[in-house]
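Hi,

Here is the structure I promised to pass on. Have a look at it first, and then read my notes below.

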Amino acid sequence: MICPYCKEEKDVIRRGTRKNKFVKKQQYWCNKCKNYFIEHDGFEGMTYPKEIIAKTLHLYVEGLSLSQIRDYIIQHEGYYLYDASW
Ligand SMILES: [Zn+2]
């Protein structure tokens with residue numbers, strides 16, 4: 001893991017996790033510049049876990065309506081998709 005602030009690689013340690021409503025991310029601590037940062041996975045800003053997004057898109061392509069998809073996700077994944085703008 002490389003620190004995004006000072007590009008240090010060796011002095012970076014795992015230190016806990018940070019989570020929003022659904023997503024839990026590994027949090028890192030840079031011993032050199034004393035900054036916290038979280039891993040980057042290309043899904044920054046997305047509220048839902050990757051698997052849920054992928055599954056939702058798949059169901060949408062399959063022709064399910066948005067309310068059917070929401071029911072499916074709630075029943076099968078245990079996620080309640082509130083404040084979903086779709
Ligand atoms: Zn650093």
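Predicted model: local features only at pLDDT ≥ 70, side-chain atom pairs only at ≥ 80, totals over all residues.

In strand E2, the bridge partner of Thr-17 is Gln-26. Residues are numbered from 1 along each chain as its sequence is written.

Thr-17 itself sits in strand E1, residues 12–19. By strands and helices I mean DSSP runs numbered from the N terminus: a helix is H or I with at least four residues, a strand is E with at least two. Is Thr-17 buried or exposed? It is exposed, because 11 other C-beta atoms lie within 10 Å. (The cut-offs are 20 or more other C-beta atoms within 10 Å of its own for buried, 12 or fewer for exposed, and partly exposed in between, with C-beta atoms placed from the backbone.) Leaving out residues up to four places away in sequence, Thr-17 touches Lys-24, Lys-25, Gln-26 and Gln-27. Touching, or being in contact, is when the C-beta atoms of two residues, placed from the backbone, lie within 7 Å. Thr-17 and Gln-27 are ten residues apart in sequence, yet their C-alpha atoms are 4.8 Å apart in space.

Now the sheet. E1 and E2 pair in the antiparallel sense over six bridges; two strands count as paired if DSSP finds at least two bridges between them. E2 (residues 24–30) also pairs with E3 (residues 35–38), again antiparallel, over four bridges. Cys-30 stands opposite Asn-35 in E3. E2 and E3 form a hairpin with four residues between them, and Lys-34 in that turn has a positive phi of about 60°. Put together, this is an open sheet of three strands in the order E1-E2-E3. E1 and E3 are at the edges with a single partner strand each, so one side of each has no neighbour in the sheet.

Then come the helices. The axes of H1 (residues 50–62) and H2 (residues 66–77) come within 10 Å and cross at roughly 140°. Axes here are lines fitted to C-alpha atoms, for helices over the stretch in contact, and angles run from 0 to 180 degrees between N-to-C directions. H1 and H2 are therefore oblique to each other (under 35 degrees would be roughly parallel, over 145 roughly antiparallel, 65 to 115 roughly perpendicular, and the rest is oblique). Which residues of H1 and H2 make the contact? On the H1 side they are Ile-52, Thr-56, Leu-59 and Tyr-60, and on the H2 side Ile-69, Tyr-72, Ile-73 and Glu-77.

Finally, the whole chain. There are two helices and three strands, and along the sequence they follow the pattern β-β-β-α-α. Of the 86 residues, 6% count as buried. Among contacts between residues at least 6 apart in sequence, 33% join residues at least 24 apart.

Cheers
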